[in-house]
Amino acid sequence: MDPLFFLLFAFITVACGVNVVLQKHPISSALSLVAVMASLAVLYLLLGAEFLAMAQMIVYAGAIMVLFVFVIMLLNAGTEATRGRSWTATIFGIPAILILIGALAYFMQTGMPQLGSVKFGDFRGGGAYQVGYALFTEYLLPFEVTSVLILIAIVGAIVLARKELD
Amino acid sequence: MEFLVITGVKLALILFIFMTALAYLQWVERKVIAHVQVRMGPSRVGPHGLLQPLADVIKLITKEGVLPPHVNKFYYLAAPFFAVFMALISISIIPFGTDITIPAMTIGGTTFGPYRTMMELADINVGILLVLALSSMGVYGIALAGWSSNNKYALLGGLRSSAQMISYELPLSLAIAAPLLTAGSLSLRTIADTQQGFYLGFIPHWAIFQFPAPQIFSFIIFMIAAFAETNRIPFDLPEAENELVAGFHVEYSSMSFAAFFMAEYANMVTVCSVATLLFLGGWHPLFPASLGSNFIAPLLLAGCGAVCLYHGLHPARPFDRYTLPAFAVIFFGLAGLMAFPPTVPILMPIFWFLAKLLFLLFLFVWIRATLPRFRYDQLMGFAWKFLFPVALVNLLITGFLVALAS
């Protein structure tokens, strides 16, 4: 059952990812990105990381992408105007992408051949308990540094917005 | 196979009961608001307007669905389904009661069972997070409806709704996090089970009374944020009719209009169920069975039956002579079931869960009938400047008390 689900949702993830680029309208692109986030959450679930899957849904699909859609709706962005496609990009771009994907797949296959449940560093399992325990013991310093970094980003955003208002 | 059959039966039952309950919630709301405002409310279709939801459904189905020419067709048609889908799916993880065991029986030589199943469709170990995730996905339905209608009022409604729901999700999540510290689990069933038992033999072990850190403030913050999340008065700015005509659903008609209403009521039921499970002890009774909590339900239902019978014998309208005794028989039958020893362990948890759920739903309706609407800047200021800091402090104090007690 698991491989079937993996194939299904991996296909949806990739198809929606391609759709983000192909869609002309920004809202359609943003919603495709939501679908990518949601199917990624399902892939996390299949790996046994139920807490991460839900965090992915709440934070990325729920909060961040709602803000994206909000801004697009607020600016009332219309359909993109398309210019003529350049032939060189078509001729060299598609083979280049294929080579890149092939190389990535090769290195992933040789570099980490063992596929199993999700694994971060030394601990296994993606439940709320395991994630919390690892964050507050082993990875406490990186966790706190990241928090400070995000705080700086928030303060910076407010400062920039203030200047705009004055 | 057995799993599929049981799940299919549960699915059909829950869907049927839930959809009927949503239709009747509308009736309850109209009736309660009418009585608060000293009116009669719906009273023409059936006794006390009891068939009004049926009439409403028939009206909404048979109405013409108008597709305005200026809308973005795909998103305009998809938005109500998205809203209702996200609202209905979260009911599948709400446990309404404890396990049921169906004893083994022999039909035509083959023995079936014994079956043992839970009241909810799925007991997920991150259930509460799934509810949060689905409620945050529900924003898209409303936002897209507002945007795709290509109408300034609808767009403003959609924008207001998404801003409001993102803002109030923070205090909501923080208020949920505090009782999780004492429960120590994310599964809704386990959370409810940690609230079993009584202090001194009569004070229930519910999260709002629980020992190291009573969660009464979390409960109040949760309920305030829940009103905003479900777009109910006093936070129904997305559909404020005196500013935005009808807000995000101004261009909708027929079933797609009904879908938004269904989503709103389904969200109300989900949010109240979560409040019941997190703070009010789920299906655990208000006072222990040794003090007679098992007799509340039969007495209440028998009382309803007696009132129906009395009014049936002294009819105010000609048909009351036949309809009210029929209701009396139904009530007496339910009272008998509630008092019948083999069914008590199954029905009593459902009764207590429904009693708390209906009380919270009544609170929603009551507040709609009494409070005026916020101004938009007040709404945002309240969320960010008051509710969010209070929820943070509450979470810190809870964490401190839990750490001290352990």
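This is a predicted model: local features need pLDDT of at least 70, side-chain atom pairs count only at pLDDT 80 or more; totals for chains, interfaces and linings use all residues.
Among the contacts in chain B between residues at least 6 apart in sequence, 76% join residues at least 24 apart, where two residues are in contact if their C-beta atoms, placed from the backbone, lie within 7 Å. Residues are numbered from 1 along each chain as its sequence is written, and chains are lettered from A and ligands numbered from 1 in the order in which they are written.

Let me stay with chain B for a moment. It has 13 helices and six strands, these being DSSP runs, H or I of at least four residues for helices and E of at least two for strands, numbered from the N terminus. A compact globule of 406 residues would have a radius of gyration near 22 Å, and chain B, with 23 Å, agrees with that; the radius is taken over C-alpha atoms, and the globule rule is 2.2 Å times the number of residues to the power 0.38. Of those 406 residues, 42% count as buried, which means that 20 or more other C-beta atoms lie within 10 Å of a residue's own, whereas 12 or fewer make a residue exposed and anything in between partly exposed, with C-beta atoms placed from the backbone.

Two loop residues illustrate those words. V38(B), in the loop between α1 (2-36) and α2 (52-62) of chain B, counts as exposed because it has 6 C-beta neighbours inside 10 Å. N231(B), in the loop between α7 (216-229) and α8 (241-244) of chain B, is buried, because 24 other C-beta atoms lie within 10 Å. Phi is positive in both, near 55° for V38(B) and near 60° for N231(B), although neither is a glycine.

Now, where do the two chains meet? In this model, 18 residues of chain B are in contact with 16 residues of chain A. On the side of chain B that touches chain A, the elements giving two or more residues are α4 (127-148) and α5 (152-183) of chain B, and α4(B) gives the most, with nine residues.

Lastly, the largest nonpolar core has 131 residues, and M54(A) and F222(B) are among those with the most contacts inside it; such a core is a set of buried Ala, Val, Leu, Ile, Met, Phe, Trp, Tyr and Cys residues joined through C-beta atoms within 7 Å. Helix α9 (residues 254-279) of chain B supplies the largest share, 16 residues.
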